[in-house]
Amino acid sequence: MRTIILVLFLMCISLSNYAQEDNAPANLIEQPSTNILDSIDHDLMKSISQFGGVTLAILFGVATAFLKKKKEELSNRLSAIIEPAKVAPDEIANSIMLLGLGGSGKTSLIKALTNDNLADPRAETADYRIFSVSIDLPGDGSPKTRCKLFISDYIGQNLGSLIRAFIEQQQIEYSPMRYGYVNSLILVLDIFPPPQLADTKSTKSTKPDKDRIQNNIDAWNDQVLSAVYGLLTPSLKYVCIFINKTDLLVNNSDNMIENIRSNYESIRRLISQRSRGARVETIVGSAETGEGVNILKQNLIEVSCAEDGS
């Protein structure tokens with residue numbers, strides 16, 4: 001298309017130049033011409049040159065329409081890679097980054113939040129997946145009647161897979177994990193290690209596993225959290241430290257819960273230092289029994305945003 005326009009454009013210029021030469025002053029000394037156009041009747045060439053002006057105008061219009069179409073295509077493509085996932089006019093949305101060691105219960109928590117059977121805690125999580133769920137909102141007269149949660153899940157022990165997958169998400173059209181649009185962060189900690197054998201249940205204990213708690217503290221150190229927060233922006237509104245697996249405690253008293261909170265106070269401090277402007281809270285519960293899950297879900301709905309970011 002561009003080549004045809006260019007060729008025709010050059011032809012029109014040649015014809016226009018001829019017309020100018022034909023109208024040159026008579027007192028100029030004519031020089032022998034080798035131009036092949038000189039062998040054609042001058043009156044015919046005048047008509048052709050006039051026609052060339054019309055052709056040039058038509059070509060200009062065609063070229064303008066072509067470039068306008070390409071501009072629109074480029075604009076749409078650009079919007080698709082800088083804007084987050086689209087939601088319906090009556091929906092609000094929340095893009096949630098979920099972190100945690102392997103076996104901490106991330107996938108179980110996703111299943112509890114979304115009721116998605118594809119979130120199978122027994123299966124090893126793929127490198128990176130995004131789950132979504134639409135939740136009906138109470139009829140309080142608001143124009144927003146549904147909330148859509150997008151929750152990312154990545155393979156536990158490999159922080160590099162999170163960063164790599166997050167970068168890849170920026171190349172996907174209307175990704176819910178678009179940089180600058182992640183509204184919430186959930187860090188899943190636990191108080192017991194996963195069972196050594198698949199399809200087996202952990203046994204209950206009278207107190208949390210100190211080694212597992214220390215593993216979590218070592219894993220989510222200052223350097224690692226700095227890397228995670230490098231993927232986040234001031235759009236972050238909510239951070240939840242979800243301490244999982246209270247269902248494995250024999251004694252689930254208030255004193256025990258407070259003791260568990262205090263064990264992870266160092267991580268809370270590191271997160272609070274990086275979450276200025278965001279709401280930070282700790283929930284001690286169980287993805288398996290649903291303890292604390294409804295509170296988490298309600299908080300995620302409260303900080304959800306409309307498509308315009310409001």
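**Group meeting: a walk through the predicted model**

Setting aside neighbours within four places in sequence, L99 is in contact with K106, Y154, L162, L185, I186, L187, V188, W220 and V228. L99 also belongs to the largest nonpolar core, which has 43 residues. Within that core, M97, L99, W220 and I271 touch the most other members.

Now, a word on what we are looking at. This is a predicted model. The protein has 310 residues, and buried residues make up 41% of them. It contains nine helices and six strands. Take the contacts between residues at least 6 apart in sequence: 76% of them join residues at least 24 apart.

How confident is the predictor? The mean pLDDT is 79, and 69% of the residues reach 70 or more. Among the elements, strand β5, residues 238-244, has the highest mean, at 98. Helix α1, residues 2-22, has the lowest, at 51. Two stretches deserve a flag. Over residues 26-32 the pLDDT stays under 50, and the model has zero contacts there beyond four places in sequence. Over residues 121-125 the pLDDT is also below 50, but this stretch has nine contacts beyond near neighbours in sequence.

Next, the sheet. In what order do the six strands of the open sheet run? The order is β2-β3-β1-β4-β5-β6, and the pairing is mixed. At the edges stand β2, residues 128-136, and β6, residues 279-284. Each of these has a single partner strand, so one side of each is left without a neighbour in the sheet. From one strand to the next, the twist averages 20°.

Let's go to β1, the strand that carries L99. E91, A93, S95, M97 and L99 point one way. I92, N94, I96, L98 and G100 point the other way.

Who are the partners of β1? One is β3, residues 146-154, paired in the parallel sense over seven bridges. In that pairing, S95 stands opposite F150. Another is β4, residues 184-190, also parallel, over five bridges. There, the bridge partner of L98 is I186. Recall that I186 is on the contact list of L99 too.

β2 and β3 pair in the antiparallel sense, over nine bridges. S134 stands opposite K148 in β3.

Then comes helix α8, residues 265-274. It lies across β4, β5 and β6, and runs at about 160° to β6. I271, back in the largest core, is one of the residues touching the most other members.

Notes
Residues numbered from 1 in each chain as written. Predicted model: local features only at pLDDT ≥ 70, side-chain atom pairs only at ≥ 80, totals over all residues. Heavy atoms only, no water. Core = buried A, V, L, I, M, F, W, Y, C linked by side-chain atoms within 4.5 Å. Buried < 20%, exposed > 50% of the residue type's maximum accessible area, 1.4 Å probe, protein only. Contact = heavy atoms within 4.5 Å. pLDDT = per-residue confidence, 0-100. Helix = DSSP H or I, 4+ residues; strand = E, 2+ residues; numbered from the N terminus. Pairing = 2+ DSSP bridges. Axes fitted to C-alpha atoms, helices over the stretch in contact; angles between N-to-C directions.
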